[in-house]
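This report goes through one protein model, beginning with a single residue and ending with the contacts between its parts. Keep the structure in view while reading.

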Amino acid sequence: MTDTSIRLHLPVLPASGGAVAVSGGQAHYLANVMRLGGGDSLLVFNGEAGEWRARITEISRKSVILVLEAQTRPPAPEPDAWLCFALLKRQKTDLVAEKATELGVSVIQPVITARTQADHVNLDRLRAIATEAAEQCERLHVPEIRPPLPVLKLMAAWPAARPLFVADERRTSPLLGPATGPTALMTGPEGGFTDQELDAIARTPRVARVSLGRRILRAETAAIAGLALHLAAWP
Ligand code: SAH
């Protein structure tokens with residue numbers, strides 16, 4: 001049987017087929033949660049190898065051997081889009097990581113600002129959430145989750161080639177438009193950016209302040225709605 005609803009991200013896959021060993025939580029998932037057996041097949045993927053149909057040749061509670069049988073999707077580029085968002089409380093941060101993955105970002109960069117109400121985040125949990133979202137929404141890449149950075153530090157090292165759109169609810173900025181190349185969107189915390197932060201952000205090359213419409217959105221809505229607006233038309 002091929003169960004195409006089982007789609008597993010494996011960080012390392014041989015690019016031209018062959019066997020792969022799966023252990024740890026993923027072996028537990030296949031053997032004990034999904035109760036697959038020898039001869040069953042599933043889909044495995046990553047950004048470099050694309051997606052493959054894989055058949056189980058050996059399975060125990062702790063280790064599974066898969067043989068890659070056929071490539072079902074070749075590797076393909078996905079949007080080169082970063083989301084920089086002021087860190088939120090745990091559940092909202094989790095929500096943003098999941099939805100940003102579905103919407104196609106390549107990098108998730110949590111940011112610490114003066115009004116941010118959280119200063120730490122469990123990166124492993126966010127990586128697990130992003131991996132699961134990529135598995136469920138047919139992405140080939142799992143976004144990279146970066147450790148949190150203070151906003152001024154992020155601005156000081158901002159890569160010159162990447163435009164940054166800062167969501168600013170207080171001014172009459174132009175509406176955020178569709179991205180056509182490498183890009184980044186930044187959203188603030190519940191209390192908004194301070195004037196000092198907005199000034200520092202505005203002094204960074206390649207930065208534009210943008211509106212997400214006339215309604216004031218909560219921080220997590222701004223991140224999700226902003227990405228939808230920005231990335232929906234990505235080719
Ligand atoms: N200034 C308000 C609300 C902050 S909203 C307050 O003092 O409580 C949280 C973040 O969402 C903002 O920093 C901004 O980045 C983003 N945001 C919300 N609504 C927006 C809009 N209509 N346009 C652009 N950004 C918006």
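## A buried threonine

Thr-183 is found in strand β11, which covers residues 183-187. The model is a predicted one. The relative accessibility of Thr-183 is 2%, and because buried means under 20%, this residue counts as buried.

The surroundings of Thr-183 come from several parts of the sequence. Leaving aside residues up to four places away in sequence, Thr-183 touches Asp-80, Ala-81, Trp-82, Arg-162, Pro-163, Phe-165, His-230, Leu-231 and Trp-234.

The protein is divided into two domains: domain 1 takes in residues 2-73, and domain 2 takes in residues 81-231. Their C-alpha centres are 33 Å apart. At the interface, ten residues of domain 1 are in contact with eight residues of domain 2. The size of an interface is often given as the accessible area lost when the parts come together. Here the two domains bury about 730 Å² between them, and 55% of that area is on carbon and sulfur atoms. Arg-7, His-9 and Arg-73 supply 60% of the area that domain 1 buries against domain 2, more than any other three residues.

What kinds of polar link cross between domain 1 and domain 2? Six residue pairs are in polar contact across the interface, but the count of salt bridges between the two domains is zero. On the side of domain 1 that touches domain 2, β1 (2-9), β3 (41-46) and β4 (50-59) each supply at least two residues. Strand β1 gives the most to that side, with three residues.

## Salt bridges

How many salt bridges does a search of the whole structure find? The search finds 14. One of the pairs is Arg-125 with Asp-94, whose closest N and O atoms are 2.9 Å apart.

Glu-102 and Lys-99 form another salt bridge, with their closest N and O atoms 3.1 Å apart. Both residues lie in helix α2, three residues apart, which is about one turn of the helix. Glu-102 is partly exposed at 40% relative accessible area, and Lys-99 is partly exposed at 23%. For Arg-209 and Asp-168, the closest N and O atoms of the salt bridge are 3.8 Å apart. Arg-209 lies in strand β12 (residues 207-210) and Asp-168 in the loop between β10 (164-167) and β11, so the pair ties together parts that are 41 residues apart in sequence. Both Arg-209 and Asp-168 are buried. Elsewhere, Arg-53, Arg-55 and Glu-69 are linked in a network of salt bridges.

## Cysteines

A disulfide is a covalent bond between the sulfur atoms of two cysteines.

Is Cys-84 buried or exposed? Cys-84 has 0% relative accessibility, so this residue counts as buried. Cys-137 has 28% relative accessibility and therefore counts as partly exposed.

Key:
Residues are numbered from 1 along each chain as its sequence is written. This is a predicted model: local features need pLDDT of at least 70, side-chain atom pairs count only at pLDDT 80 or more; totals for chains, interfaces and linings use all residues. Side-chain values use heavy atoms; hydrogens and water are left out. Buried means under 20% relative accessible area, exposed over 50%, partly exposed in between (1.4 Å probe, protein chains only). Domain bounds come from an automatic or database domain assignment. Contact means heavy atoms within 4.5 Å. Buried area is the accessible area (1.4 Å probe) that two parts lose on being put together, summed over both. A salt bridge is a side-chain nitrogen of Lys or Arg within 4 Å of a carboxyl oxygen of Asp or Glu. A polar contact is a pair of N or O atoms within 3.5 Å; within protein, one must be able to donate a hydrogen and the other to accept it, and residues adjacent in sequence count only if both atoms are side-chain atoms. Helices (H or I, at least four residues) and strands (E, at least two) are DSSP runs, numbered from the N terminus.
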